[in-house]
Amino acid sequence: MKPVNVGLLGLGTVGGGTVNVLKRNGKEIARRAGRGIEITHASARDLKKARICDTQGIKLTSKPQDVVDDPNVEIIVELMGGTTLAHEMVLRAINNGKHVVTANKALIAKHGNEIFAAATRKGVMVAFEAAVAGGIPIIKAIREGLAGNHIQWAAGIINGTSNFILTEMRDKGRDFADVLAEAQQLGYAEADPTFDIEGIDAGHKLTIIASIAFGIPLQFEAMYTEGISKITRDDVAYAEELGYRIKLLGITKRLEKGVELRVHPTMIPERRLIANVDGVMNAVLVNGDAVGPTLYYGAGAGAEPTASAVVADLVDVVRALTSDSENRVPHLAFQAGALSDLPILSIDDVETAYYLRMQALDKPGVLADITRILADQQISIEAIIQKEPTPAMQSVSVIMLTHKVQERRMNAAIQRIEALGSINGAVTRIRVESLGSK
Ligand code: NAP
Ligand code: HSE
């Protein structure tokens, strides 16, 4: 049978990795797909740039629309990134009756509802395995492998760049900016790295996970995001002292009143497997009522790990080319007409435990003032550490772990603590999750 012709938008880290994997493993891939898969037409901004892949035999253009409009191409792989040109090209490809594979989580999180509706109308597939957790087949695992479960929650380290930064800060005492520059050089970071360090990229991925886990529309705009840029080496060290690790976690839970959807630095007990996921590696924990907790681990970014997911999607699309569109796995796991309207909860309604760190004057009565404020908000303390003041300092670091409390109450308490004359500067707050099976 004739190979399937594929058009590729983007020849950067993931695009280059995809060309390489398809070339190297072409025969094995054809045995799986039932047909060969060939990239015949590709676009990039600068055609003179050196590439990580060999582009011989591929027609090149700087105009993505030439690829999208190529009548010989059946599948478009979008690996440009961004949400403007990529959005336009994906809709144009769908409109041209072509199937789409993309690694672009920002695009799916923000415009996925529109894109899937357009694809359904045209009877084409849009596959996006590489958009979440790089090489880990988490979309397939949740959408198909866990289809028998009522999924209760999922939590994951789903940004490789920020995990790499936190790990290097902890293990080698390296500087934040220095590690970020290395992550960019290794091709892990987004074009705008604030997406990685401020939790936005993880938010895009969590939006997708929540939709396929709970059968809700994609709702990135309701997501709470907080990044790692304010985490200090002291916090990392104090967390260790308390038996915890700090990770940028995406957490989504389905409760009766709504869905929690939040990304923030989180302290996790170090005995949990996920607390030991380091470097660029990602891991996603998914808890289903029948299966219990399941953990998926692997490389979350980089050329070939991500290409692994892109090529798996290509194989799926090629296998399904001849199936009729009603009998395919639905884009968001649940049938389009069966999505739930469960609301996304405000972060103020979320209940977690907390780590607090503050600089307090070293004088009698200060701790009593702080604990009184916490008691007024019905916040109970699990552990408290007061550090010896260094000779140059007038103040001491006070570190507390609290039991679970609603975020709204904690905000009120922090506001009052920060107003005390005996407290210097802002209170650092990191949410704590036990990630047990309940
Ligand atoms: P990248 O290295 O920056 O590559 C982007 C490619 O798109 C480049 O080849 C670039 O051309 C081309 N491009 C960008 N704007 C264009 C335009 N206006 N016209 C024509 N071509 C254009 O990005 P990447 O890291 O491969 O990421 C691609 C996508 O995969 C993004 O959505 C990203 O979020 C996602 N992703 C990345 C990773 C990762 O580890 N990097 C992992 C998972 C998902 P030039 O090369 O000529 O500049
Ligand atoms: N910038 C992303 C990360 C790429 O660091 O996880 C993978 O999606």
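This is a predicted model: local features need pLDDT of at least 70, side-chain atom pairs count only at pLDDT 80 or more; totals for chains, interfaces and linings use all residues.

**A helix and its cover**

Modeller: Gladly! In helix α13, which spans residues 366-376, the buried residues are Val-366, Ile-370, Ile-373 and Leu-374. Around the axis they take up an arc of only 100°, so they sit on the same side of α13. That arc is taken over the directions from the helix axis to the C-beta atoms.

Residues are numbered from 1 along each chain as its sequence is written, chains are lettered from A and ligands numbered from 1 in the order written, and side-chain values use heavy atoms, without hydrogens and water.

As for terms, helices (H or I, at least four residues) and strands (E, at least two) are DSSP runs numbered from the N terminus. Buried means under 20% relative accessible area, exposed over 50%, and partly exposed in between (1.4 Å probe, protein chains only).

The cover over the buried residues of α13 includes β13, β14 (381-386), β15 (395-402), α14 (407-418) and β17 (423-432), where contact means heavy atoms within 4.5 Å. After α13 comes Gln-378, with a positive phi near 55°.

Strand β13 (residues 351-361) leads us on, because it holds Arg-357, which is buried at a relative accessible area of 12%. The side chains of Arg-357 and Asp-235 are joined by a polar contact of 2.5 Å; such a contact is a pair of N or O atoms within 3.5 Å, and within protein one must be able to donate a hydrogen and the other to accept it, with sequence-adjacent residues counted only if both atoms are side-chain atoms. Beyond its neighbours within four places in sequence, Arg-357 is in contact with residues including Thr-232, Tyr-238, Val-398 and Thr-428.

Asp-235 belongs to helix α11 (residues 233-241), where it is buried together with Val-236, Tyr-238 and Ala-239. Viewed down the axis of α11, these buried residues lie within an arc of 165°, so they line one face of the helix. They pack against α7 (160-172), β9 (244-254), β10 (259-269), β13, β15 and β17. Gly-243, which follows α11, has a positive phi near 90°.
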